[in-house]
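Trainee: I am new to this one. Could we look at it together, one question at a time?

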Amino acid sequence: MTDEFQSWGRYPRVGDQHVVRARDRHALPPFDAGRPNLAYGNGRSYGDVCLNEGGTLIAMRGLNRFIAFDEEAGELVCEAGVLLADILDLVGPRGWFLPAAPGTKFVTVGGVIANDVHGKNHHRVGTFGANVLAFSLSRSDGSHLHCSQTENPELFAATIGGLGLTGVITQARLKLRPVKSGYFEGEQIKFRTLDEFFALAEESEDPYEYTAAWIDCLAEGETLGRGLFMRANHAETGGFEAPRSLPLAMPATPPLSLVNRLSLGVFNTLYYERQRTAVVVRRWHYNPYLFPLDTIADWNRVYGPKGFVQYQCVVPMADARDASHALLTEISRSGQGSPLVVFKTFGDVVSPGMLSFPMKGATLALDFPMAGGKTLSLLDRLDRIVAEAGGRLYPAKDARMTGDMFEKGYPAFGQFVKHVDPAFGSSFGRRVLRGQR
Amino acid sequence: MKRVAIFGATSAIAEAAAREWAGEGARFFLVGRNETALGDIAADLKVRGAEEVTIRTADLMEMEGLAKLCHEAEGALEGIDIALIAHGVLPDQAEVSASAEQLLKNLAVNALSPAALMVELGQIMKRQQHGSLVVMSSVAGDRGRPSNWAYGGAKAMLSVMGEGMGMELEAAGVSVIVCKPGFVDTPMTEAFKKGPLWAAPAQVAGPIVRAVQKGRSCVIYAPAWWRIVMLVVRFAPAFIVRRL
């Protein structure tokens, strides 16, 4: 089993995947008639939505041409294998920016549509899919369909967040947003409790487009829910070039995870206490602000050969405080987790995607070094809290949720399956969606 | 603003180099066989900043048309600052080992047609007293190997010709850059199993663009560490090369 064509969490690791490369958007390689097919972008989803054990992967990175850029209207048409990093390099210096960007820029356009990703400004602009104007979809019946809100609207809605199961996205038309600079300006605020977090989130919603918090997942008792809240807006000045930085990389996979109870406790305390004052005014280039982990290549190796799972859930606003408290209590009691925690509130901008993950509420995302049964049973306990609160899990991060958990969280599931292409499938689909090949 | 003519413009390495020049606002004359692909590349280069892109479909096997093609490029661009000769085909060695006809056909694509273009473009640049001519060769041309001596033979010819031409034209202000890539992950090598020695087209394009910038005749390996590898391979005894 090679490292190529795995997922970012390196769990699960799968074999028996045929790989064909897409080179021409007008003529994809023929779909495999005997095995389920699935487009594979840059392999940055964490669990198994991008994997296809026993099936065929259509590697999409070869489709990396731009097609058209309307600099007046801020509309970009490009092939599905183009990376968000390439888009930012192109449009940034000309005064445009991605409306919604996830935590890494090393993802393909097709991948971000199929996972309907979101960013720190969800409460303002919604998901990436909510900002896609149109795309082309190739299906196994030989059709190449143009999909938008008005053309094939059902397939448009099924494919946004559709995890690649409705066909292959070959190109997309994206709406960009104007910016004056590649920098962000804002504040980093220390908070001691979840109540303080929710108060900050609420007061920041109007004045700040981008909000997200880091939380100390080991803090318990009186300190439970402590963290740092970051809020920012696009700066008005500052150019687009990133300041020079050292190229960092995790050169090899250590034999054991470097993230463990001891290193986690030390890191979290230092990280929280390092900020001495309650509020620090900050200015960031978009790279460290939006994509902090991209500065260390192959950072996922830090979790060792067993890999890691990321858990991301959302709970509706009504129960958000209590459910978050219960989740954090369960996590800190287990002593598992990692320094990489993101806690934020979603807004109510609705995505067209049938299986779109965000909903008005609070979302918690954190990594767990994979330690077998003890990790999986903790996550099952977290699932119960999320389900109880009427929340759901993010497939792009998932490697272990049950079919039940999925169906309860995604009521449009029944409508979605009608649009699944019969020649398509994924490891996630076979694990979670009933009756999928 | 650079004026760039590319022969075999749908080659993955050529496209990667063109993207870099496009970012600087270059003007292009692209020659290839596949009109759709040329059109797609032209659109992409324009989005990336190219000032103007002319596409021209042509079969570079038709030797008598090559001189005209070069003059067309010169006319369309109003002079050529950079010419990149990038077309080539990886033959099935067993097939060319068994048939002189097949071998000659392959040599026509990989050696004769690029050689003719080198002469034509060299003349244009000599007249201009300026220009950079980039010839795509290969590390395969540094040593004969049982599995690809036909491809390697053609590339060896381009390497030697390009090196000599570079020296000849230096006085006229023209540089000839012979580029020898190692293993590159492109449609041409689709069938090969890839490993750590493999590079992406952009890793070959980078050194080409930098060599053109320097404006001196040279032989470059891309990525650069292939120079060391090939130094060893060139002096390796036959019993080792036989196994490569």
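Predicted model: local features only at pLDDT ≥ 70, side-chain atom pairs only at ≥ 80, totals over all residues.

Trainee: Let's begin with chain A. Which residue ranges does the domain assignment give for chain A?
Mentor: Happy to start there. The assignment gives two ranges for chain A, and the C-alpha centres of the two domains lie 25 Å apart. The ranges are 66-179 for domain 1 and 183-399 for domain 2.

Trainee: How many residues of domain 1 of chain A are in contact with domain 2 of chain A?
Mentor: Let's take each side in turn. Domain 2 of chain A brings 27 residues to this contact. On the side of domain 1 of chain A, the number is 31 residues.

Trainee: Which element gives the most to that side of domain 1 of chain A?
Mentor: Two elements give two or more residues to the side of domain 1 that touches domain 2: helix H3 (122-125) and helix H4 (153-159) of chain A. By class, that side has 12 nonpolar, 15 polar and four charged residues. The element that gives the most, with four residues, is H3(A).

Trainee: And between the chains, how many charged residues are on the side of chain B that touches chain A?
Mentor: Good question. Eight residues of chain B are in contact with nine residues of chain A. On the chain B side, three are nonpolar and one is polar, and the number of charged residues is four.

Trainee: Now for chain B itself. Is Asn106(B) buried or exposed?
Mentor: Asn106(B) sits in helix H5, residues 100-128 of chain B. A residue counts as buried when 20 or more other C-beta atoms lie within 10 Å of its own. Because Asn106(B) has 23 C-beta neighbours inside 10 Å, it is buried.

Trainee: How are H5(B) and H6(B) oriented to each other?
Mentor: H6 covers residues 149-170 of chain B, and its axis comes within 9 Å of that of H5(B). The two axes cross at roughly 10°. Angles under 35 degrees count as roughly parallel, so H5(B) and H6(B) are roughly parallel.

Trainee: How many nonpolar residues are in the contact of H5(B) with H6(B)?
Mentor: Residues of H5(B) in this contact include Leu103(B), Asn106(B) and Met118(B), while those of H6(B) include Ala150(B), Leu158(B) and Met165(B). Four residues of the contact are polar and two are charged, and the nonpolar number is 14.

Definitions and conventions:
Residues numbered from 1 in each chain as written. Chains lettered and ligands numbered in written order. Buried ≥ 20, exposed ≤ 12 C-beta atoms within 10 Å, placed from the backbone. Contact = placed C-beta atoms within 7 Å. Nonpolar A, V, L, I, M, F, W, Y, C, P; charged D, E, K, R; others polar. Domains from an automatic or database assignment. Axes fitted to C-alpha atoms, helices over the stretch in contact; angles between N-to-C directions. Parallel < 35°, antiparallel > 145°, perpendicular 65-115°, else oblique.
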